[in-house]
Amino acid sequence: MLNRQQAPDFKQVSTINFIQPEKKVLDNGVPVFTIYSGEQDLVRIEFIFDNVNWKLEKPLQAIAVSALINNGTNKLSAKEIAEQIDFYGAFFQTEYAQDQSSVTLYTLNKHLHSVLPIVKDVLSESQFPQHELDIYIQNQKQKLQVNLKKNDILSRKEFAHALFGDTAYGVNIKAEHYDALKREDLVDYFKAAYAPNNCTIVISGKFDDAGFNLLNEAFGRDWKKSDAIKNSFDFVSTAKQLVYIEKPEALQSAIRMGQLAINRKHEDFSGLQILNTVLGGYFGSRLMNNIREDKGYTYGIGSGISSLQQAGYLFIATEVGADVCSAALTEIYKEIEILKNEPIGEEELNLVRNYMLGSMLGSLENVFSHADKFKNIYFSGLDYDYYTKYIEKVKTITAEELLALANKYLTTENFTEVVIGKK
């Protein structure tokens, strides 16, 4: 009989299976990766474009084009695009990120023949009407004004600028940058970036040969190429930087600290992810136990590692009571020093192992999740061997290896420390 007084034993995840994509190529050379799942008559089609032609004097081109790309073409107004997509029960979204911009379509397979021409029209004939641009400028300036009053957002902005300077990763956007937006510049950027030779298509869901033929018919021809140059940046770690913006009326202070680090391409990345989890990567982390549970300085604190195409960085972020800001900073540095001087206990390390393997397994809940995992490695120039090595590293890493990684990468003398509020 089951003894409900006794907790079940922990069992480590043994294997994790990934659905790998099938690659095809459109007639014009656009690579198409399909992760097939035939359970539901639903498909997600992502058109992914590298960000290109970075110009410091025009830092908002890629962002504005991504936001306004579906606001009107030669044939359709913004309202007509929205109404037609909605009529077929489809969903259409755009997204800008530091390295890439994407246009994503969710639709039922039976409507592919109707909605794909609409997306093609958007990706090849967008016009960026002046009145839509004027509304966008007004709304974004208001949003910026509001955001700059929020300590956490301002700390994120200042931290990125301190690390990455005047690049697409860290440029300090101001209201005058929105005022300088011109329709002609957006059209030029659109033609340069949203071109077949700068596009990768990732499809997930129920998508067969008939669907591919429809896709090829729509996007495999009559789509002009460009000679755009993919963004490229070089970053060098600097000495410790302290950024303090005082707000005398603040009840809370936002803290964000960290430094340039490695990205997913580096052999130490998986180990550093494990170390980060111990430090502040889950609810049972050392930072949470100290700063929240023991000291009560904050509702939440966490650390993370971000992998970009041109760089990687690690960070620690929290908001604390203004009266305990200095004490919180002291405790954060204290936890880092402990990691650099004392091996992690086996019980804690096993807990982190189980958490990370369980999180990986839980993150593969549907075919879209499998597509996201593929994008992580593909755009980093890696293959599925990365995940095999990651899982093995989580299972086998030792306390001594983590101690060495802590001393190698948690170099607080090079940290950028941002505080917004009061110390």
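Colleague: What volume does the largest pocket have?
Modeller: Rolling a probe the size of a water molecule over the atoms shows where empty space is left. In this predicted model, the largest pocket has a volume of about 900 Å³.

Colleague: Which residues are the closest to its centre?
Modeller: The pocket is lined by 27 residues. Closest to the centre are Ile 63, Tyr 96, Lys 157, Val 171 and Ile 173.

Colleague: Which elements give two or more residues to that lining?
Modeller: They are α4 (130-147) and α5 (151-164). Helix α5 gives the most, with six residues.

Colleague: How do the residues of this lining divide into nonpolar, polar and charged?
Modeller: There are 19 nonpolar, four polar and four charged residues.

Colleague: How much space lies in the second largest pocket?
Modeller: About 570 Å³. Its lining has 23 residues, and the closest to the centre are Ala 97, Gln 100, Lys 375, Asn 376 and Phe 379. The largest share, five residues, comes from β5. By class, the lining holds six nonpolar, 10 polar and seven charged residues.

Colleague: Now a single residue. Where does Asn 71 lie?
Modeller: Asn 71 sits in the loop between α1 (61-68) and α2 (78-87).

Colleague: Is Asn 71 buried or exposed?
Modeller: Buried means under 20% relative accessible area. Asn 71 is at 16%, so it counts as buried.

Colleague: What is Asn 71 in contact with, leaving aside neighbours within four places in sequence?
Modeller: Ala 78, Pro 129 and Glu 132.

Notes
Residues are numbered from 1 along each chain as its sequence is written. This is a predicted model: local features need pLDDT of at least 70, side-chain atom pairs count only at pLDDT 80 or more; totals for chains, interfaces and linings use all residues. Side-chain values use heavy atoms; hydrogens and water are left out. Helices (H or I, at least four residues) and strands (E, at least two) are DSSP runs, numbered from the N terminus. Buried means under 20% relative accessible area, exposed over 50%, partly exposed in between (1.4 Å probe, protein chains only). Contact means heavy atoms within 4.5 Å. On a 1 Å grid over the protein atoms alone, a cavity is a set of points where a 1.4 Å probe fits but cannot get out, and a pocket is an open set with protein on both sides within 12 Å along at least five of seven lines; lining residues have an atom within 4 Å of a point. Grid points are joined across faces, edges and corners, and a volume is the space filled by probe spheres set on the points. Ala, Val, Leu, Ile, Met, Phe, Trp, Tyr, Cys and Pro count as nonpolar, Asp, Glu, Lys and Arg as charged, and the others, Gly among them, as polar.
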